[in-house]
Amino acid sequence: VFPRDDAGRPLSPTLYTAGDPTCPDPTYFGFAFDKNGNLLVNEAFGKATSIPAPNAGAVSSFSIGRRTGTLTPISTSVANMQTTPCWAVVDTHGHLFVSNNNSDSISSYTVGTDGSLTLLDQAASVSVGSVPNDMMIGTDRFNSSFLYANNAGNCTVGAWRVGADSTLAPLGTCSRSPVTAGPRAFAG
């Protein structure tokens, strides 16, 4: 975390690790912010010889000190029983979606107004061979939300309509160029 001085310039960072600082487990990975500015962080488990640990993904949430940038845990390691959580996005209804690479799944959580996390569905969407990586949320002019996932496993982009209750209704996939020649991330 890089605190800023009064002019907005970054100061010396504070490093946060989970578990043993010499060999952190879990490893913090993808992250997002909820509408109240709380930090939501994916956690992949496993030591160097066992990464990724199967069925051990989780998410933690932290409040952020406004002047110092200090992280204070809200919910810690809320498990989704999936493997290698990668990307995290939050929709307009306050739901968190997490792509789980090695489980070929997307998990859903609800985010409380205080930043607390509750697992809604460990596998809100599953598609064999997709290996979802980066994701983004889009909203149309009618305030409907859509989730898009960059699927590295089969070179597609998956699309879902997001229900007000966080359910994902599949809209299909679009082919894209092979991973070796094509895009690997979204920009939003």
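Which residues line the largest cavity? The lining consists of Asp 104, Ser 105, Ile 106, Ser 125, Val 126, Ser 127, Ser 130, Pro 132, Asn 151 and Trp 160. Strand S7 (105-111) and strand S8 (117-126) are the elements that give two or more residues to this lining. By class, the lining residues of the largest cavity divide into four nonpolar, five polar and one charged; Ala, Val, Leu, Ile, Met, Phe, Trp, Tyr, Cys and Pro count as nonpolar, Asp, Glu, Lys and Arg as charged, and the others, Gly among them, as polar. The largest cavity holds about 40 Å³ of space, and the structure has one cavity of 30 Å³ or more. On a 1 Å grid over the protein atoms alone, a cavity is a set of points where a 1.4 Å probe fits but cannot get out, whereas a pocket is an open set with protein on both sides within 12 Å along at least five of seven lines; lining residues have an atom within 4 Å of a point. Grid points are joined across faces, edges and corners, and a volume is the space filled by probe spheres set on the points.

The model is predicted: local features need pLDDT of at least 70, side-chain atom pairs count only at pLDDT 80 or more, and totals for chains, interfaces and linings use all residues. Residues are numbered from 1 along each chain as its sequence is written, and side-chain values use heavy atoms, with hydrogens and water left out.

The protein contains zero helices and twelve strands; these elements are DSSP runs numbered from the N terminus, with at least four residues (H or I) for a helix and at least two (E) for a strand. Of its 188 residues, 41% are buried, where buried means under 20% relative accessible area, exposed over 50%, and partly exposed in between (1.4 Å probe, protein chains only).

The largest pocket has a volume of about 290 Å³. Among its 14 lining residues, Val 1, Tyr 16, Leu 39, Val 41 and Leu 71 lie nearest its centre. Strand S1 supplies the largest share of this lining, three residues, and S1, strand S2 (39-44) and S3 each supply at least two. The lining of the largest pocket comprises 13 nonpolar residues, one polar and no charged.

The second largest pocket holds about 210 Å³ of space. Its lining includes Val 1, Asp 5, Ile 64 and Arg 66, and divides into four nonpolar, three polar and five charged residues.

Two aromatic pairs occur in the structure; rings of Phe, Tyr and Trp (its six-membered ring) pair if their centres lie within 6.5 Å, and planes under 30 degrees apart count as stacked, over 60 as edge-to-face and the rest as tilted. The ring centres of Tyr 28 and Phe 62 are 6.0 Å apart and the planes stand at 80°, so this pair is edge-to-face. Because Tyr 28 lies in strand S1 (residues 27-33) and Phe 62 in strand S3 (residues 58-64), the pair ties together parts that are 34 residues apart in sequence. Tyr 28 is partly exposed at 29% relative accessible area, whereas Phe 62 is buried at 7%. The rings of Phe 31 and Phe 33 have centres 5.9 Å apart and planes at 80°, so they too are edge-to-face.

Side chains of opposite charge can pair when their charged atoms come close. The structure holds one salt bridge, defined as a side-chain nitrogen of Lys or Arg within 4 Å of a carboxyl oxygen of Asp or Glu. Asp 5 and Arg 9 form it, at 3.0 Å from N to O. Asp 5 is partly exposed, at 23%, and Arg 9 is exposed, at 52%.
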